[in-house]
Amino acid sequence: MATVSIRMPDDMKEALERLATEKSMTVSGLISERINDMLGHREEIREDTPYTLTTAERYLLMRVEELSALVKLEDKAYIERDVEAFQEGYTAEYSRIFSKMHIELSRQDCEFVWDVLDMFRDLIISYDNLEASDKETIEESQCHYQGFDHNDNRECAMERYVKYLAKDDCWEFTVEDSKKFSDRGNSHCQMVPMYQGMLSALNEVKRRRRMANRSYSSNCQPFDKKEIQFILSARRYDSPFRRG
């Protein structure tokens with residue numbers, strides 16, 4: 001697939017990124033969509049879009065859409081079009097209707113996000129428990145969650161899940177971190193490899209603690225200075241935890 005670079009003012013780039021975030025899309029996806037519209041290209045059918053639905057499925061979806069029309073009055077005409085498509089069984093319209101649904105985030109990726117957020121929560125607590133002199137040897141920002149890449153479909157889905165999880169008190173810290181240490185959760189570079197390396201280093205720290213008969217608790221026995229530094233060292237591209 002070809003790559004095209006576009007020069008634009010900073011304010012235009014920021015506006016484009018905000019629009020993509022609002023639409024839960026990548027910037028590349030948003031631009032490609034508009035170009036396809038201008039070229040008159042037909043929308044590609046997603047692989048997970050159903051080609052047919054049973055009568056019962058169509059009936060249930062039609063009723064759900066009818067209820068939505070009663071609530072979302074500003075979208076009533078648009079929703080009624082979907083209702084008609086389900087009622088009449090216009091299968092070619094399913095791609096358009098189901099395009100509003102995001103592709104599933106796998107169980108494995110969901111659990112990865114849990115692990116990442118747990119790790120940063122524990123790093124923040126551990127950093128806060130350090131002596132002032134020890135804090136001077138550690139870059140505080142590296143102990144905080146720094147988002148995912150909105151230009152990568154998989155990482156963009158992970159960031160949407162983070163926003164969903166932020167409603168839980170356990171991970172509400174990500175709301176402030178996303179504002180302070182990233183561009184509203186957009187890292188503008190792929191983060192999964194780095195987070196994977198940090199998690200591997202974290203597991204090594206816990207393994208060493210078990211070998212020394214030392215348990216881990218973010219409240220009672222948080223990470224010490226050397227352990228935090230060891231985990232953060234996996235951020236580097238040359239870290240052995242990021243190889244292979």
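Biologist: Which residues of α8 are buried?

Modeller: One caution before that: this is a predicted model, so local features need pLDDT of at least 70 and side-chain atom pairs count only at pLDDT 80 or more, while totals for chains, interfaces and linings use all residues. Residues are numbered from 1 along each chain as its sequence is written, and side-chain values use heavy atoms, with hydrogens and water left out. Buried means under 20% relative accessible area, exposed over 50%, and partly exposed in between, with a 1.4 Å probe and protein chains only. By that cut-off, the buried residues of α8 are Glu155, Cys156, Ala157, Met158, Glu159, Tyr161, Val162 and Leu165.

Biologist: What covers the buried residues of α8?

Modeller: Contact here means heavy atoms within 4.5 Å. Helices are DSSP runs of H or I with at least four residues, strands are runs of E with at least two, and both are numbered from the N terminus. The cover over the buried residues of α8 includes α6 (107–128), α9 (173–181) and α10 (192–211).

Biologist: How far apart are the end C-alpha atoms of helix α8?

Modeller: The expected span of a helix is 1.5 Å times one less than its number of residues. Helix α8 covers residues 153–165, and its 13 residues should therefore span 18 Å. The model agrees with that, as the end C-alpha atoms are 19 Å apart.

Biologist: And what covers the buried residues of α10?

Modeller: The buried residues of α10 include Val192, Met194, Tyr195, Leu199 and Arg209. Its 20 residues should span 28 Å, and the end C-alpha atoms are 28 Å apart, which agrees. The cover over its buried residues includes α6, α8 and α11 (225–232).

Biologist: Is Arg184 buried, exposed or partly exposed?

Modeller: Arg184 sits in the loop between α9 and α10. Its phi is near 55°, a positive value in a residue other than glycine. With 38% relative accessibility, Arg184 counts as partly exposed.

Biologist: What is the relative accessibility of His188?

Modeller: His188 is also found in the loop between α9 and α10. Its phi is positive too, near 65°. His188 counts as partly exposed because its relative accessibility is 35%.

Biologist: Which residues does Val27 touch, leaving out those up to four places away in sequence?

Modeller: Val27 lies in helix α2 (residues 27–39) and is buried, with a relative accessible area of 17%. Its C-alpha atom is 6.1 Å from that of Glu17, ten residues apart along the chain. Leaving out those up to four places away, Val27 touches Leu16, Glu17, Ala20, His150 and Asn151.

Biologist: Which residues lie nearest the centre of the second largest pocket?

Modeller: A pocket, on a 1 Å grid over the protein atoms alone, is an open set of points where a 1.4 Å probe fits, with protein on both sides within 12 Å along at least five of seven lines; lining residues have an atom within 4 Å of a point. This one is lined by 14 residues, and α3 (55–71), α4 (76–88) and α5 (94–98) each give two or more of them. Nearest its centre lie Glu65, Ser68, Asp82, Ile97 and Lys100.

Biologist: Last one: how many helices and strands are there in the protein chain?

Modeller: Of its 244 residues, 34% count as buried. From the N terminus on, the elements run α-α-α-α-α-α-α-α-α-α-α. The count is eleven helices and zero strands.
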